[in-house]
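Hello,

I am passing this structure on to you. Please look through it first; my notes follow below.

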Amino acid sequence: MLVKNQDINVVMFDLGNVLVDLGSIEQMHTMLNTQGDITEVWLKWLTSPAVAAFDSGRISFDEFAERLPKEVGTDMDKETFKARFKAWPKQLFDGALALVDSVKPHYHRAILSNTNAAHWPRLMNEMELAGHFHSYFASHLIGEVKPDPSLYRHILNALQVLPESILFVDDNQVNVDAAKALGIQAHLARGVEEAKSVLSSYNVLLGQ
């Protein structure tokens, strides 16, 4: 296998649909009042003003649960929406933690996720992602969301590394493109096997 650029210092993972199973697209259709394929639905999610406000920590869970149904034109009541939304991340994909732990120890492991106050505790505690990374970049704690370049610049400043020294996997092309525009070595990956394939091509996993 042709090994790519080896100037990597940081291996950075998105969570949803890379390490974390978000279930079927039908759940998103219900929350967003949408139809269409996964790419179209995720684009609507990423461009939603209510989602951006919640994922950047600017509004509460209650306000989000009132705003998003109105924004997309559904009559779902607030408490039903909150329960469904909180339960949206199902579990880690099989092999997710094993993949993270197989990154060679001299690399800095990081998370970069558009997430929120409703999901973050579940991701860290219930799904036991806490303790497997060196840096945790959560949009709601930083105040910026992907694909805004300011979020990527925040990470570069926090880590004090060059963009090309970061290897990043994300499940949305718009986020990948935004990272690439700043020089980050970003790749589309959905699920553990695709993420493993990308990381393997850079020779950053144990046993290579």
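The buried residues of α1 pack against α2, α4 and α5 (78-86). Those buried residues are Met28, His29, Met31 and Leu32, where buried means under 20% relative accessible area with a 1.4 Å probe, protein chains only. Helices here are DSSP runs of H or I with at least four residues, numbered from the N terminus.

This is a predicted model, in which local features need pLDDT of at least 70 and side-chain atom pairs count only at pLDDT 80 or more, while totals for chains, interfaces and linings use all residues. Residues are numbered from 1 along each chain as its sequence is written, and side-chain values use heavy atoms, without hydrogens and water.

Helix α1 (residues 25-32) packs on helix α2 (residues 38-46) at an angle of about 40°, and their axes are 11 Å apart. Axes are lines fitted to C-alpha atoms over the stretch in contact, and angles run from 0 to 180 degrees between N-to-C directions. On the α1 side the contact is made by Ile25, Met28, His29 and Leu32, and on the α2 side by Ile38, Val41, Trp42, Lys44 and Trp45; contact means heavy atoms within 4.5 Å.

Trp45 also belongs to the largest nonpolar core, of 54 residues, where Phe13, Trp45, Phe64, Phe85 and Leu199 touch the most other members. Such a core is a set of buried Ala, Val, Leu, Ile, Met, Phe, Trp, Tyr and Cys residues joined through side-chain atoms within 4.5 Å. Helix α4 (residues 61-72) gives the most to this core, with five residues.

Just after α1, Asn33 has a positive phi of about 60°.

Regards

Note on methods. Helix = DSSP H or I, 4+ residues; strand = E, 2+ residues; numbered from the N terminus. Buried < 20%, exposed > 50% of the residue type's maximum accessible area, 1.4 Å probe, protein only.
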